[in-house]
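The following exercises concern the structure shown below.

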Amino acid sequence: MNSFVRALRTPELRAKILFTLGLIAIYRLGVFVPTPGFDATNVMRCADQAAAGQGANALGMVSMFSGGALLQLSVFSLGVMPYITASIIVQLLRVVIPRFEALHKEGASGTAKLTQYTRYLTIGLGVLQSTTIITLVRSGNFFVGCQLELFTDESIPTLLIMVLTMTVGTVLIMFMGEMITERGIGNGMSLMIFTSIASSFPASMGQVWQLQGWLVFLLVILMALVVMIGMVFVEQSQRRVPVQYAKRMVGRRMYGGTSTYIPIKVNQAGVIPVIFAASILALPQMAASFGDPEAGWVQWINENLVMGISFSWIYAVVYVGLITFFAFFYVSITFNAEEIADNMKKYGGFIPNVRAGKPTERYLRYVINRIQSAGAVYLAIICLIPLVALVYLGTSQDFPLGGVSLLIIIGVGLDTVKQIDAKLQQHHYEGILR
């Protein structure tokens with residue numbers, strides 16, 4: 001506690017923290033501002049019915065990242081999802097578009113250009129997603145079973161204003177996230193996701209209390225502490241591949257002769273595989289929402305590929321399979337063993353007992369594949385916690401103590417504390433982390 005007090009007493013750090021908290025407060029305020037053209041009272045009633053009846057399963061991921069703004073159809077309904085999707089798309093395009101890979105290797109100027117492309121794509125995805133949401137609301141497939149009139153006016157100008165409002169809301173979130181990253185503490189977009197997910201914890205825990213009683217509630221709290229401790233341990237775990245640099249003369253100076261290491265995290269892929277898997281599983285759910293509820297294929301999807309209605313082994317197996325696949329796929333893209341081996345060879349570096357060049361590349365691939373196997377199992381176990389809670393506790397699909405929500409909470413929390421600690425150590429020799 002004394003370390004946090006010193007952090008607030010440091011003028012530069014205090015200004016950054018207050019600036020970050022101020023923008024987060026504005027973000028949370030925008031969650032409750034209704035989009036013009038919707039009947040706010042009827043929207044709230046339908047949202048309550050959907051939450052009680054586990055509606056809008058296909059939109060659960062977007063709703064979680066928006067902090068409940070989606071179900072309220074507010075100006076921040078889309079949340080950070082368009083930006084996240086755009087960032088992932090631009091990163092994956094580096095594999096298929098040589099121009100993007102060249103920009104990535106240019107350094108700061110190339111990264112700035114890729115960031116600009118991400119912003120343009122975010123705007124395009126914002127228009128697309130806002131149009132989709134408004135279409136779902138008009139067709140009655142957004143709040144299934146709610147017969148209340150949600151529009152105050154369905155004229156073309158009003159619909160265009162609604163699309164524009166939601167898209168501008170996404171752009172404003174993107175701007176605030178970048179401002180936090182530049183002038184505040186931590187990664188702006190990650191902190192907004194953190195805030196959105198954390199805001200749903202009280203309601204989810206209150207649901208457990210009401211449905212299961214205080215004894216189960218205490219057991220859930222105890223389980224949460226155990227899971228969090230285990231996740232912190234795994235998220236901090238890494239394999240350090242030793243690297244030795246040979247001595248070499250450059251002019252009259254001697255360089256090299258130092259030892260370092262390549263850190264490879266157990267969960268090298270982070271939360272991306274879970275987001276990919278959930279997005280893929282949302283597609284059949286979205287398709288089923290447009291179909292006839294009495295159709296056989298719609299009923300099969302609702303029974304086997306929708307979490308929150310009932311437990312399905314098919315859903316669990318497909319979910320785990322997709323997480324495992326995307327874990328290896330994403331790491332294969334982001335961890336370029338060939339590039340690392342070439343750079344080590346160029347600057348006279350080598351791994352002890354491993355020859356430079358191709359043998360180093362093969363060794364690095366072998367290490368990353370073995371470590372990622374454990375990482376994929378870890379991700380699968382964490383993401384199965386909501387399914388187990390659904391069976392034994394009767395909770396909703398948004399159970400907060402597992403899956404993508406807790407991964408983000410732990411990851412963002414650790415990263416933010418490390419950044420605060422680094423800033424604090426610039427002024428004091430003793431940081432928050434001892």
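**Exercise 1: Nonpolar cores**

Task: Which residues have the most contacts inside the largest nonpolar core?

Solution. Step 1. A nonpolar core is a set of buried Ala, Val, Leu, Ile, Met, Phe, Trp, Tyr and Cys residues joined through side-chain atoms within 4.5 Å; buried means under 20% relative accessible area, exposed over 50%, and partly exposed in between (1.4 Å probe, protein chains only).
Step 1. In the largest core, which has 73 residues, those with the most contacts are M231, I264, V274, Y319 and L407.
Step 2. Helix 17 (residues 358-392) contributes the largest share of this core, 10 residues. Helices (H or I, at least four residues) and strands (E, at least two) are DSSP runs, numbered from the N terminus.
Step 3. Apart from this core lies another, of 21 residues, including A47, L78, L150 and M166.

The model is predicted: local features need pLDDT of at least 70 and side-chain atom pairs count only at pLDDT 80 or more, while totals for chains, interfaces and linings use all residues. Residues are numbered from 1 along each chain as its sequence is written, and side-chain values use heavy atoms, with hydrogens and water left out.

**Exercise 2: A residue in a loop**

Task: Is N267 buried or exposed?

Solution. Step 1. Locate N267: the residue is in the loop between strand 4 (259-265) and helix 13 (272-290).
Step 1. The relative accessible area of N267 is 2%, so the residue is buried.
Step 2. Contact means heavy atoms within 4.5 Å. Leaving aside neighbours within four places in sequence, N267 is in contact with E235, Y378, L379 and L407.
Step 3. N267 and E235 are 32 residues apart in sequence, and their C-alpha atoms are 6.3 Å apart in space.

**Exercise 3: Two helices**

Task: How are helix 7 and helix 8 oriented to each other?

Solution. Step 1. The axes of helix 7 (residues 98-105) and helix 8 (residues 108-139) come within 6 Å and cross at roughly 130°. Axes are lines fitted to C-alpha atoms, for helices over the stretch in contact, and angles run from 0 to 180 degrees between N-to-C directions.
Step 1. Angles under 35 degrees count as roughly parallel, over 145 as roughly antiparallel, 65 to 115 as roughly perpendicular and the rest as oblique. Helix 7 and helix 8 are therefore oblique to each other.
Step 2. F100, L103 and H104 of helix 7 make the contact with G110, T111, K113, L114 and Y117 of helix 8.
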